[in-house]
Amino acid sequence: MAESAYLPGVTIQNADVLDSPRHSALVRVTHWIHTLSFLALVLSGIAILLAHPRLYWGETGAREGPSLIDLPLPFVLDIPIRGPGRYLHFLSAWVCVLTGLLYVLSGLFTRHFRKNLVPSKTDLGWKPIMRVVSNHMRLKRPTEAESQSYNVLQRLTYLAVVFVLFPLVIWTGLAMSPAITSVFPAIVTVFGGQQSARTIHFFVSVALVLFLVIHIAMVRLAGFKNRMRAMITGHAAARKEPS
Amino acid sequence: MSNRISRRKLITTGLATAAGVSGLGVAAVLAERYNLIPPDHGGIFGAGETLTYAAQRILTSHHSLAREFNRSDISKVIPINGKPPETDPYQRLHAKGFQDWRLIVDGLVARPSSFSLADLKRFPPRTHITHQACEEGWSFIAECTGVPLSYVLNLVGVSTKAKFVVFFPFDDSWDSLDMPDAWHPQTLLAYGMNGQDIPTGHGAPLRLRVPRQLGYKSVKYLSRITVTDTVKNIGKGMGSIAPEYGYSWYAGI
């Protein structure tokens, strides 16, 4: 009795795994909204940065004083890209943050992070991590079995992007607002000042762009069409139509 | 089976849409009622502006104070942005050391008035050392001395219908504050900077100082202040000249 009840359970579970999409609808929709809003944020961020491509540490900084880093970029003040850039930056920031909240809350609620992104304890050792790193160095394509789930490097990277880089870029963005810091002064004083927050905002953005570049390179390596199809339709390979 | 699912889906989607639309409707009515919609709410970027303005107005509704600093934090270099007005009236007043300059205050007030620099300096002053950031990216800390705008507004008697205070300098630009920032205790009509009369390049004889917003809201070279219930009939009706160049009216960022 117990056995017969158990077996159908297994079959159904397997059928479920085969039939269930690689990415849930919510992950797919938020992924593409994020893609659009992130690209808008990067473009408008560059438009804003070009007005003053100099970075400082502490509370203040100006052209007439010392800087932390002079980026090898021109000062673009006469071409009117900054105003519209600012409007676009804040609109896409709202889209990005609200979608991100939806993604994180649903990921916690459906245990998506725990099931698919938190690495198992055995994978967190030096050896398994180095094995994945060496596979990457040799540009070795994952086996079919391996590509069914994320390896330890992917898991750690995605977790870092979702729970470290994005929160930090939002935080440092808010820390530049004189209205927000009038309510929560600590969000800027922990960084040592408004200009420090601006500098960190810049470097976290660079890290996020680097992630995007590597992410696209990895998707290409793993099979661009298949991965794109998985993130659009939910299913990796085209499903056979019933004849 | 598939029929039942699609019907269930239809009902859920319908309910969600109805809830969403009525939610937005309620939000719009509340936002209008509590003055949470900025004058530059139109256009493709309007939704972002409205969200930012509404969220920050709710967060700062208790008159939160901008951070203040010590004398030792005052910046050694305070850059000057833009040039003083080249208009005739300004140049003439400047040549005479602003002796004949007067600040006009009119609009929805009980007692339209004008004040000389000496009048303003007789009122109880307030001094604060605050951070001012330019939207370009640079920033400085300076000490500002002036009369709180709220003091002048109380003197002239502002109507309860007032929604904006509009600032006209001696050039073509103009800007406005909503009432929360107009009544804010740190909002100054500043005539002094770092212990001296405000230098020409920084807005002599009188500039606005709004520490909870970016530098461009701190209008220099003031000539007239008008209290109004609408900014629709000024310029392009977006609350300031800034949105006409693509910069948001509300700059608390």
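In which helix of chain A does A:Arg155 lie? A:Arg155 belongs to helix H6 (residues 152-175) of chain A. The model is predicted: local features need pLDDT of at least 70, side-chain atom pairs count only at pLDDT 80 or more, and totals for chains, interfaces and linings use all residues. Residues are numbered from 1 along each chain as its sequence is written, while chains are lettered from A and ligands numbered from 1 in the order in which they are written.

**Chain composition**

- Chain A contains nine helices and two strands, where helices (H or I, at least four residues) and strands (E, at least two) are DSSP runs numbered from the N terminus.
- The order of elements in chain A, starting at the N terminus, is α-α-β-β-α-α-α-α-α-α-α.
- Chain B contains six helices and 10 strands, and its C-alpha trace spans about 85 × 40 × 35 Å along the principal axes.
- Of the 243 residues of chain A, 23% are buried; in chain B, buried residues make up 42% of 253.
- A residue is termed buried if 20 or more other C-beta atoms lie within 10 Å of its own, exposed if 12 or fewer, and partly exposed in between, with C-beta atoms placed from the backbone.
- In chain A, 69% of the contacts with a separation of 6 or more involve residues 24 or more positions apart; a contact requires C-beta atoms, placed from the backbone, within 7 Å.
- For chain B, 66% of the contacts between residues at least 6 apart in sequence join residues at least 24 apart.

**Surroundings of A:Arg155**

- A:Arg155 counts as buried because 20 other C-beta atoms lie within 10 Å.
- Leaving aside residues up to four places away in sequence, A:Arg155 touches A:Leu117, A:Val118, A:Pro119 and A:Tyr150.
- The C-alpha atom of A:Arg155 is separated by 34 Å from that of A:Pro53, and the two residues are 102 residues apart along the chain.

- Helix H2 (residues 25-49) of chain A has 25 residues and spans 35 Å from its first C-alpha to its last, close to the 36 Å expected at 1.5 Å a residue; the expected span is 1.5 Å times one less than the number of residues.
- The buried residues of H2(A) include A:Thr30, A:Ser37 and A:Leu41, and the buried residues of this helix pack against H3 and helix H9 (194-232) of chain A.
- H9(A) spans only 40 Å between its end C-alpha atoms, whereas a straight helix of 39 residues would span 57 Å.
- H9(A) bends by about 110° at A:Gly223, the bend being the angle between axes fitted to the seven residues ending there and the seven starting there.
- Among the buried residues of H9(A) are A:Gln194, A:Arg198 and A:Ala230.
- The partners of the buried residues of H9(A) are H2, strand S1 (54-55), H6 and helix H8 (186-189) of chain A, together with S3 and S4 of chain B.
- Just after H9(A), A:Gly234 adopts a positive phi of about 100°.

**Packing of H6 against H9 in chain A**

- H6(A) and H9(A) pack at an angle of about 145° with their axes 9 Å apart; axes are lines fitted to C-alpha atoms, for helices over the stretch in contact, and angles run from 0 to 180 degrees between N-to-C directions.
- The contributors to this contact include A:Val161 and A:Leu165 of H6(A) and A:Ile200 and A:Val204 of H9(A).

**Contact between the chains**

- In the interface, 34 residues of chain B are in contact with 30 residues of chain A.
- On the side of chain B that touches chain A, helix H2 (46-59), strand S3 (126-133) and strand S4 (139-148) of chain B each give two or more residues.
- H2(B) provides the largest share of that side, six residues.

**Backbone features in loops**

- A:Arg111 has a positive phi of about 60° although it is not a glycine, and A:Arg111 sits in the loop between helix H3 (82-109) and helix H4 (112-117) of chain A.
- A:Arg111 is exposed, because it has 10 other C-beta atoms within 10 Å.
- B:Asn194, also not a glycine, has a positive phi of about 50° and counts as partly exposed, with 16 C-beta neighbours inside 10 Å.
- The peptide bond from B:Ala204 to B:Pro205 is cis, with omega near 0°, and B:Pro205 is found in the loop between strand S8 (196-197) and strand S9 (207-209) of chain B.

How values were computed: Contact = placed C-beta atoms within 7 Å.
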